[in-house]
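Have the sequence and the 3D view open as you read.

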Amino acid sequence: MGVGEFLSGGVADVRRTARGFRWGRRGQVPRSAEPYVLPQHSTVFDTGWARRPAVMAAREIAQKVGLEPLFRSQVHTRVEGLDVLERLDGPVIFVANHASHLDTPLLLLSLPDAWRRKTAVAAAADYFFDTWWKAVGSSLVFNTFPIDRRGGSMAATPGEVLADGWSLVVYPEGTRSRDGWLQGFRMGAAFLAQTHDVPVVPVAHRGTFAAMPRGAGWPSRTDGRRREVTVRFGEPLRAAEGESVREFAPRIKDAVAALLDEERTSWYEAQLRRSAGTTPDPSGPDVAAWRRVWEQTEPVAGDAVGRGRPTPWDRVRTEARVRAKAALKR
Amino acid sequence: MSRPGFVLEVDDRTPPLVVHEGLGFRMEEFPLGTRVVYPPESLPAIDDVDGAIRDALLNPVDSEPLPELLFSGMRLTIAFDDLSLPLPTMQRPDVRQRVIEAVLTLAAAAGVDDVEIIAANALHRRMNAAELEHIVGERVFRSFYPQGKLYNFDAEDRDALAHLGTTDEGEDVEISKRAAESDLLVYVNLNLVAMDGGHKSVGVGLSSYTSLKHHHTAKTMVHSRSFMDHKASKMHHSAWRMGRLIKDHVKVFQIETTVNNDVFPKPFDFLMKREWEWNLKDQASMLAARRGLAVAPQKLRHKIFHDMRAPYGLTGVNAGEVEAVHERTIAKVHQQQLVEVDGYSDVLVLGVPYLGPYNVNSSMNPILATCMGLGYYFNSYRGHPMVKRGGAVILYHPLNEGFNQLHHPSYVDFYEEVLAETTDPQVIGEKYEKQFAEDPWYRHLYRTSNAYHGVHPFYMWYWAAHAMDHVGDVVWVGGDRKVAKRLGFRAASSLNDALEMVSGSVGTSPSITYLHNPPHILADVKV
């Protein structure tokens with residue numbers, strides 16, 4: 001075998017391997033083999049190091065110098081309701097809907113610096129901690145710690161992180177929504193809040209699904225412009241005396257649903273509907289899958305097309321335009 | 001917990017799959033929809049091997065415990081499977097060593113002096129001292145070999161054979177005289193695949209051509225469907241008849257062992273993993289192995305592969321009456337190798353690896369490659385062949401290893417003279433078998449050198465008779481064209497070319513099944 005043949009064979013092998021084994025992307029299991037894949041054993045991955053001062057300093061640089069400018073260059077963000085945090089001073093559990101990988105940076109970068117520095121994110125062990133480089137990367141940049149979606153032991157439990165004075169970000173849906181609508185809430189967040197007697201701050205994301213749904217690797221643009229993504233913080237909730245986890249968990253979900261309603265309409269309209277028990281079902285209409293996705297991918301207010309909820313400034317602008325036209329006519 | 005075997009359907013998510021081809025392997029991208037039969041994962045190995053063996057000897061099936069069969073002044077013969085099992089050769093200590101040591105410990109305690117240990121190699125080549133020592137271990141070897149009490153069976157030593165009679169169907173039963181005249185014959189088997197063991201152990205392993213010629217024929221093999229299922233195999237029916245006759249003459253204490261599917265040691269263990277579960281290390285190992293093998297000369301590649309010792313783990317050991325023991329053994333083999341396959345396909349794809357039962361420390365010559373592909377692998381089914389009648393078999397092997405003159409002298413003449421005339425197993429048997437079987441030079445080499453018996457290449461060809469009778473086309477991917485032509489087949493440079501070549505008989509979009517072995521698989525085809 002000549003050198004050329006050896007090298008060209010090697011290149012062909014590497015190419016075939018890179019393509020077939022999806023280098024740089026998540027590996028896939030052939031569909032017919034899925035029933036035979038063993039549930040992954042949770043790897044006990046210690047993330048305690050990610051909450052040490054030196055690493056916190058490195059994270060500050062990574063987030064402020066690297067992540068935030070990049071993030072803001074790709075999406076236009078709007079943050080509402082942050083004032084609720086002014087009335088709180090301890091660790092809280094941020095409970096949010098989850099539709100995109102943009103949710104976590106959006107939420108974290110929206111928080112006041114003092115809160116952001118002391119917030120950790122619960123991340124799926126089987127997704128973010130299945131390889132060392134993903135585990136280290138996500139822990140370093142987002143202060144994630146692993147939780148096992150399938151049950152299992154972990155090096156750090158959410159309770160320990162809370163007890164150390166860290167706020168948590170929890171997505172009770174367990175995974176990103178496939179169509180942008182809210183899925184069922186698991187009870188972990190309610191259980192944690194009740195056990196550790198910490199308030200739950202409901203958070204609603206909107207537009208993140210439209211900007212970067214499952215399968216997308218980078219935020220999309222609409223008509224060449226950055227998409228708008230919004231995050232809205234709601235009033236903190238506490239488990240009432242004698243309230244069970246089963247009762248508390250739906251209240252949290254209702255709060256997130258009301259925030260999503262508020263995001264589409266206005267605070268007062270959402271409150272009225274919440275009082276009347278007519279908040280739109282956040283799990284979406286029972287229609288064909290494509291219609292559900294279609295509705296969720298409508299650009300939110302502020303995008304180039306399809307402006308949704310009118311803002312007070314819209315009215316001022318419209319009136320000014322009408323007056324100007326009338327003046328011209330005169 | 002080991003996962004069961006299953007049938008994969010190749011889809012857009014399926015990475016390239018390993019296909020063995022002689023002293024190497026390739027990563028093949030199969031057409032979408034191809035069915036790939038994967039073996040079950042290795043069963044957990046028994047931790048306390050010596051304890052399990054002792055338990056089997058003391059609590060045998062349908063037999064008195066071994067200590068009760070041993071007495072001072074008796075003639076004890078221990079026979080054991082030769083180096084054709086297991087494949088690859090197992091890492092030390094071989095399970096047969098541990099069983100023989102346990103038997104000898106009990107025999108020593110009973111004061112048995114007259115003990116002989118015979119390698120049941122039938123018409124296989126004589127093993128050299130090192131090969132014998134690897135199987136039985138240093139302690140047994142040192143105690144028996146220098147005195148000539150540990151030796152290879154010689155099926156051409158007329159003085160050392162005993163004719164025990166004929167079966168109801170007129171089949172001669174002629175086995176080792178020493179074994180036949182012993183007070184107890186202990187057979188130590190290693191049951192790698194479902195065709196091994198049972199009455200085939202003594203009835204074939206210690207028998208001569210006089211016996212073997214009754215069931216090692218093209219006709220018997222065509223009607224053994226398959227020879228991996230002893231209940232549906234004409235060859236086994238004959239061996240069973242002979243075994244029952246042997247049982248009337250000599251007390252046989254059968255010890256059968258089964259092993260798991262751990263066939264490849266590190267760093268080749270990635271070859272046993274399902275490809276989509278390969279991590280980066282596995283992928284890097286594959287790339288390194290492929291490049292290394294590509295640049296290595298043939299001799300080095302041969303050494304790399306043939307120096308591998310399989311880390312097999314023991315999964316079961318049963319002792320006692322032959323048939324009762326074998327039922328339990330087969331159940332264990334099935335547990336390790338059986339995979340349910342729904343229906344047959346138009347095309348069967350088989351990767352022929354570097355090793356078969358008859359080229360341990362030797363060359364996989366074209367006849368043995370045919371035997372491995374169209375014999376062993378094609379017959380790795382229960383129920384119905386994996387391919388339809390008139391379908392096609394596509395095999396991977398370069399067919400370029402040539403012949404080992406020491407081990408396979410009669411193969412050379414079989415290839416040059418017999419196959420040049422005809423490739424029809426039936427015609428070959430009728431016209432040439434007797435001549436090769438009785439050739440004095442081949443006899444001499446078999447008895448004094450390390451050569452397979454003169455008739456052995458015929459048996460290899462008969463092994464493939466069922467496949468040749470069943471399928472329409474046989475194409476060797478990557479095979480030497482001249483050699484393939486001599487074998488009566490065709491060669492193609494790629495899978496796509498091979499599929500194009502067989503499209504005349506199976507159409508342009510045939511259903512394809514690929515048997516992903518080794519490790520060993522037995523397809524339970526439901527039609």
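Two strands pair if DSSP finds at least two bridges between them. Keep in mind that this is a predicted model.

**Exercise 1. Find the bridge partner of Asp342(B) in E20(B), and describe the sheet around this pair.**

Step 1. Locate the strands: E13 of chain B covers 338–342, and E20 of chain B covers residues 522–526.

Step 2. Count the bridges. E13(B) and E20(B) are joined by 5 of them and run parallel. That passes the cut-off of at least two bridges for a pair.

Step 3. Read off the partner: Asp342(B) is bridged to Lys526(B).

Step 4. Now widen the view. The open sheet has 3 strands, in the order E13-E20-E15 (chain B), with parallel pairing. Its edge strands are E13 and E15 (381–382) of chain B, each of which pairs on one side only. As background, strands of a sheet pair through backbone hydrogen bonds, either parallel or antiparallel.

**Exercise 2. Decide where Gly165(B) lies and which residues it touches, not counting residues up to four places away in sequence.**

Step 1. Gly165(B) is part of strand E8 of chain B, residues 161–166.

Step 2. Within 10 Å there are 13 other C-beta atoms. A residue is exposed at 12 or fewer and buried at 20 or more, so Gly165(B) is partly exposed.

Step 3. Leaving aside residues up to four places away in sequence, Gly165(B) touches Val173(B) and Leu245(B).

**Exercise 3. Work out why chain B can be called as compact as a globular protein of its length.**

Step 1. Begin with the make-up of chain B: 21 helices and 20 strands.

Step 2. Its radius of gyration is 22 Å, close to the 24 Å from the globule rule for 527 residues, so chain B is as compact as a globular protein of that length.

Step 3. In chain B, 57% of the 527 residues count as buried. Among its contacts with a separation of 6 or more, 80% are between residues 24 or more positions apart.

**Exercise 4. Describe the side of chain B that touches chain A.**

Step 1. Count both sides: 20 residues of chain B are in contact with 19 residues of chain A.

Step 2. Find the contributors. Strand E1 (6–9) and helix H11 (280–295) of chain B each supply at least two residues, and H11(B) gives the most, with 6.

Step 3. Sort this side of chain B by class: 10 residues are nonpolar, 2 polar and 8 charged.

Conventions: Residues numbered from 1 in each chain as written. Chains lettered and ligands numbered in written order. Predicted model: local features only at pLDDT ≥ 70, side-chain atom pairs only at ≥ 80, totals over all residues. Contact = placed C-beta atoms within 7 Å. Nonpolar A, V, L, I, M, F, W, Y, C, P; charged D, E, K, R; others polar. Rg over C-alpha atoms; globule rule 2.2 N^0.38 Å.
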